[in-house]
Amino acid sequence: MQRTSRDASTQEKQDLQVLDVSSCDFQSTGLKPITFVRQVIAECLCPSLLQNNDAFPVDALLRAQTLLQHCDGGSVGSYTESCGSMFVRTTIARSISERDGVPSSPEQIFVTLDTQRGLMVMMRLLCQSKGVSAMMIPDPAPQGLTCLLERIGMASLPYQLREENGWSYEMTELKRVIQESRGRYCPHAIFISNPNEPTGHVQSRESMEEVIRFAADEDLFIVVNEGSAIRNYFTEVYQDSVFGMGSEFISYKRVLSEMENQYSSRVQLASLHSLSNIIMGEFFLTKANVIRVGFRTGFMELVNVDEDILLFTEVLLTGDLCPPVIGQIALDVMMAPPLPGDSSHCLYTQEVCSRLQTLRCNALRAVEFINNLPGLSCPSIQSGVFIFPQLTHSHTQSLGMLYRSRLFEEQRLYVGFSEDHTHAHNSCRFRYRDLFRPVDHTNPAKHNP
């Protein structure tokens, strides 16, 4: 009887659906895509739909027609330039100019497969000199950053971000790392994640100015992952996942442009953005890899770089032939969403506001729940789609992997974990996405995990 009960319990656990909360795969948890984005993409994929004026809103029809006019042969099956469609890059440049109040040129914008592809291109550019090239990176760092550096053959120089200091960038720590690297490495760049992944910390203007001055003093290229530059016209907010009280997103390009000429005209900057890093993002469509890649797109803007660097960047991207065209269409729509007065603006506003409210509520819920668990703690979140809880224990060996395994075995919950994020021998941290489908309060069975 006891064995039968154990077997039944094991079968019940195996029947639970696995929930992966370690990545940005929002739609696998039931989060619905933005209607306007899918309408435009559907019409581009099947142009015959454009003949049925009653099936889609007028602004979606016009957007699809315009995008197809800028595709060779009027088909999304054709190639674009290796650095992305000039039409899409112009849309991006116009949106960035409106965001920052600073001119942006499509010639300095490169559409890429994703943020990692843009980062890889920058690393190859920076590895051209003699010596062991190195990049300063935050600890904790975005998932996969250290492995990407190793793949390129570039050394990583971690600088610590500490929770007790609000995950802020400390100049004493940055100077310590750069001084200790001298004689062994050739630091060429500093990587910044703002808003930070996975901590959710949003940099202040003062902090960004300090980093820019530090980069100028040490002759470092600033590579910053800024998540998204999407403008929500109904709120006049440019960073769509910042929700912490008193937190405000300001781009590094804007801060740099408003500093003294010795910095604004000299410090080199690469700003990376990705559809997968935003709450409106279109990273995954289905579980089929061939379709999933079509929505995996990002872009990179280079500031204060020579014409030769721009040309070499384009050369490095020619190996990709061109970024996914469907992803470029999604990117164009995200960078220029429906305006007030457009037929799709009302629904678009409702859907985006709903996602942002879901993100806020889930973050508050998750932080409150985790802080009531023994041995676990989690600071308040300012932005982003991840929480970064800490597990503290009295054992000399880390229990992180064991805890992660038990979560998977008992609850079929897959969370991110890395020893690289352990700053003390008796603690470890987890990476947990907190953006799910909205909670249906009328049906408790559909509540988020």
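**View 1. Salt bridges across the predicted model.** A search of the whole structure finds nine salt bridges. The model is predicted. Side chains of opposite charge can pair when their charged atoms come close. The views below show some of these pairs.

**View 2. Arg99 and Asp100 meet in a salt bridge.** The N to O distance between their side chains is 2.6 Å. Arg99 has a relative accessible area of 5%. Asp100 has 7%. Buried means under 20%, so Arg99 counts as buried, and so does Asp100.

**View 3. Glu180 pairs with Arg176 in helix 7.** Their side chains form a salt bridge, 2.9 Å from N to O. Helix 7 covers residues 171-181. Glu180 is partly exposed, at 44% relative accessibility. Arg176 is also partly exposed, with a relative accessible area of 33%.

**View 4. A network of salt bridges links Glu173, Arg176 and Glu180.**

**View 5. Arg254 forms a salt bridge with Glu258.** The closest N and O atoms are 3.3 Å apart. The cut-off for a salt bridge is within 4 Å, so this pair qualifies. Arg254 has 27% relative accessibility and counts as partly exposed. Glu258 is partly exposed too, with a relative accessible area of 45%.

Conventions
Residues are numbered from 1 along each chain as its sequence is written. This is a predicted model: local features need pLDDT of at least 70, side-chain atom pairs count only at pLDDT 80 or more; totals for chains, interfaces and linings use all residues. Side-chain values use heavy atoms; hydrogens and water are left out. Buried means under 20% relative accessible area, exposed over 50%, partly exposed in between (1.4 Å probe, protein chains only). Helices (H or I, at least four residues) and strands (E, at least two) are DSSP runs, numbered from the N terminus.
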